[in-house]
Amino acid sequence: MKFTDKIILGDCEKVLQDFPDNCIDLIFTSPPYADQRSKTYGGIKPDHYVEWFLPKTAQFFRVLKPTGTFILNIKERVVDGERHTYVIDLISKAREQGWLWTEEFIWHKKNSYPGKWPNRFRDNWERLIQFNKDKNFAMYQEAVMVPVGSWAKERLAKLSETDKIRDESRAGSGFGKNVSNWIGRDMVYPTNVIHMATETGNKNHSAVFPLDLPEWFIKLFTKPGDVVLDPFVGSGTTALAAIELGRNFVGIDINSEYVTLSRERIKESQPRLPSIAEKKAKYIVTKNGKHRKTGKK
Ligand SMILES: C[S@@+](CC[C@H](N)C(=O)[O-])C[C@H]1O[C@@H](n2cnc3c(N)ncnc32)[C@H](O)[C@@H]1O
């Protein structure tokens, strides 16, 4: 059975049972949030979220290639005045399934409007949790390089003595740096904080993320021709991003209206020309947590 380049109607947990082991390069998804928007697509109670999710992550683990990555866009909601722990609990249980909790990215929503709440400020960011099956995962860092900012240019013009040697992180993160390595460079690697506006256009789905978000992760963790899965595809944004970047895709949604919407959205889409940064991307697989270059793609 050819399983790629399709939007499939069904429960991802069941649909994926027909997929072979180790066939997906990237899983990128935003699952239904606990108990939110229950009128729209059936919320799951926060206390039951982890038990609902774990059989699905077990399938994700089986279908993901050992070099693949699973990115989970999720945020814990406030229940009874405090943040619920279902995301932390999920990370913990996923680790028991064999997942490595490799990294977390923050999506800073650039275009939030102001608001006032009695005991907290506007929620202006979401987490994207990176899970892997193995420390040796595919990563194409050059594909997401960014122009060096004017602040960094000024900072690089006035270097101190410690900037010229490798300075171990004071916070003990293990991220030592030698700032002088970056003098004269136009393009630098981004941080794990992603600044992107939220999707404002009405896509007839209440929880659409911007196209730029899956695009960024698809460029970082896959190469053209790889397979990207979104098991909760909604309006089809991840599939659209995959097509535009010349990757294969699989989208699954339990709601037939969203499946129709996704299929409509991707109908006219085509691969676009790769950017210079994407063309320069090298095939890099981490070896025991360290990067190893294995030639240009
Ligand atoms: C947060 S939305 C995804 C939105 C999507 N990222 C977009 O840009 O449109 C979550 C989606 O998961 C779907 N869903 C809920 N339970 C599911 C299940 N068990 N299997 C597949 N899809 C499911 C819902 O119908 C909903 O469209």
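Predicted model: local features only at pLDDT ≥ 70, side-chain atom pairs only at ≥ 80, totals over all residues.

Residues are numbered from 1 along each chain as its sequence is written.

**Sheet**
- An open sheet of mixed pairing is formed by eight strands in the order β1-β12-β11-β2-β3-β7-β6-β10, where strands are DSSP runs of E with at least two residues, numbered from the N terminus, and two strands pair if DSSP finds at least two bridges between them.
- At the edges are β1 (6–9) and β10 (193–196), each of which pairs on one side only, and the twist from one strand to the next averages 20 degrees.
- Strands β3 (residues 64–74) and β7 (residues 125–132) run antiparallel and are joined by six bridges; Asn73 has Leu128 in β7 as its bridge partner.

**Helices across the sheet**
- Helix α3 (residues 49–63), a helix being a DSSP run of H or I with at least four residues, lies across β2 (24–29) and β3 and runs at about 145 degrees to β3.
- Helix α6 (residues 212–221) lies across β2, β3, β6 (100–109), β10 and β11 (227–230), at about 155 degrees to β2.
- Contact here means C-beta atoms, placed from the backbone, within 7 Å; axes are lines fitted to C-alpha atoms, for helices over the stretch in contact, and angles run from 0 to 180 degrees between N-to-C directions.

**Ligand shell**
- The ligand is surrounded by 21 residues, the closest being Ala207, Phe232, Gly234, Ser235 and Thr237; a residue is near the ligand if its C-beta atom, placed from the backbone, lies within 6 Å of it.
- At least two residues of this shell come from each of α1 (12–15) and β12 (248–253).

Methods:
Contact = placed C-beta atoms within 7 Å.
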